[in-house]
Amino acid sequence: MMHSLPAEPVKFAPQTVVGDFAHAAYRSLLVEVNLTPKPGLVDRHNNGAHRDMNLGHFYRSARAIGIWLPRFVRQGRDDAFRPAAEQLLRLRPLGLACENHMFQATGGINTHKGSVFSLGLLCTAFGRRYQQQQPIDAKTLCAEVASMCHGLVARELYQHNALQTAGQRLFAEYGLSGARGEAESGFALVINGALPLYRQRLNAGCDEQTALMDSLLWLMAHNDDTNVASRGGIKGLHWLQQRAAELLSQGGVQGEWGMDRLRQFDAECITRNLSPGGSADLLIVTWLLAQLPN
C-alpha cells in the first residue's frame, strides 16, 4: 500500500491568501515524503539510498521551512511592482535564512535545499501576481518564475561557474543545468508532463497516491537529475531514467504487479546508491501547482 497525508483541495480566500498558499507549499513537502514506496528516496518504509537521513529529518525540515514560506509570499507582494529581473537578488537573503534554518533543524543534513529554492520562487511569484491583481494558475505562476530567473543558467553556470557547488560541477562535466535550469524554464517538466499526467490519472479515477507515484516515475524518466548524476555519474542517471520509463510502459503503479516492480526498483536504487532527489523536488512542485485552479 502507498501512504501519504490526505490532500484536500486548498481554498484561497483573499483575506488569507498569504497563509493559504504558503500552507499548501508546506503541505507539499509532507505529501512527497509520506508517499510510499519511492525508489531510492526516504519514505515511510525505508531511508532509500540515504544513510544520513530518515523520515524524522524530513518532518523537522518541513516544519522549519514552513515558517519561512509566508515571508516569501510577502516579499513577492512587497516587490510586486519592481522588475521581475530584480527579484532573485532581492530574495537571496531570505532564501539563505530559510536554508540555514533547515540545516539547524536537521543537524546539517541537506533534506530540502532544492525545495527551499523552488518553493521560495513559487511563493514569491504568487505574492507578486496577487498584488498585481493578475490571474494565478499553474501556467501563469510558472511563467512568473521564469521571468524572475531569466538568465540564471547563463550567469551562474556558463559565465561565472566557479565549480564551487555540485550543480556547477555537474554542468561543467555533463551539461546538466539542474534546479537552476528547471526554474528558468518555468518548471517546464512539471507544466508539460508531470502535472498533466497527475491530473489525467485523477480524472481517470485513480487515487491521489497512484497519480503521484506515476507522476514521480514520469519525472524520473525525463529529468536530468543532478542528485542521481552526482551519485552514479551519467551512466547511473541513464539507467534510472530507462528503468522508470520501463515501469511506466508496463502500466506504472496500476499495471499488473506494478507495486512489486516498484519495490524492486527501490531495492535496485538502494543497491546502486541512487536517489532521485531532484525529481522528488519536482513532484513537490507538481502537487502544489495542482492545488491551484485549472
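This is a predicted model: local features need pLDDT of at least 70, side-chain atom pairs count only at pLDDT 80 or more; totals for chains, interfaces and linings use all residues.

Author: Residues are numbered from 1 along each chain as its sequence is written, and side-chain values use heavy atoms, with hydrogens and water left out.

Reader: What pLDDT does the protein chain average?

Author: The protein chain averages a pLDDT of 92, and 94% of the residues score at least 70.

Reader: Why is the pair of Phe-21 and Phe-126 called stacked?

Author: Rings of Phe, Tyr and Trp (its six-membered ring) pair if their centres lie within 6.5 Å, and planes under 30 degrees apart count as stacked, over 60 as edge-to-face and the rest as tilted. By this rule the count comes to three aromatic pairs. The ring centres of Phe-21 and Phe-126 are 4.2 Å apart and their planes stand at 10°, so this pair is stacked. Phe-21 belongs to helix α1 (residues 17–34) and Phe-126 to helix α4 (residues 113–131), 105 residues apart, where helices are DSSP runs of H or I with at least four residues, numbered from the N terminus.

Reader: What makes Trp-239 and Phe-265 edge-to-face?

Author: Their ring centres are 5.9 Å apart and their planes are at 65°, so the pair is edge-to-face. Because Trp-239 lies in helix α11 (residues 226–249) and Phe-265 in helix α12 (residues 258–272), the pair ties together parts that are 26 residues apart in sequence.

Reader: Why does Trp-239 count as buried?

Author: Buried means under 20% relative accessible area, exposed over 50%, and partly exposed in between (1.4 Å probe, protein chains only). Trp-239 has 15% relative accessibility and therefore counts as buried, and Phe-265, with a relative accessible area of 0%, is buried too.

Reader: Why is Ile-67 called partly exposed?

Author: Ile-67 has 48% relative accessibility, so it counts as partly exposed; its place is in helix α2 (residues 55–78).

Reader: Which charged end sits over the ring of Phe-265?

Author: The charged end of Arg-243 sits there, 5.2 Å from the ring centre, the rule asking for NZ of Lys or CZ of Arg within 6 Å of the ring centre and within 35 degrees of the ring normal. Arg-272 lies over the face of Trp-239, at 4.0 Å from the ring centre.

Conventions
pLDDT is the predictor's confidence in each residue, from 0 to 100. Helices (H or I, at least four residues) and strands (E, at least two) are DSSP runs, numbered from the N terminus.
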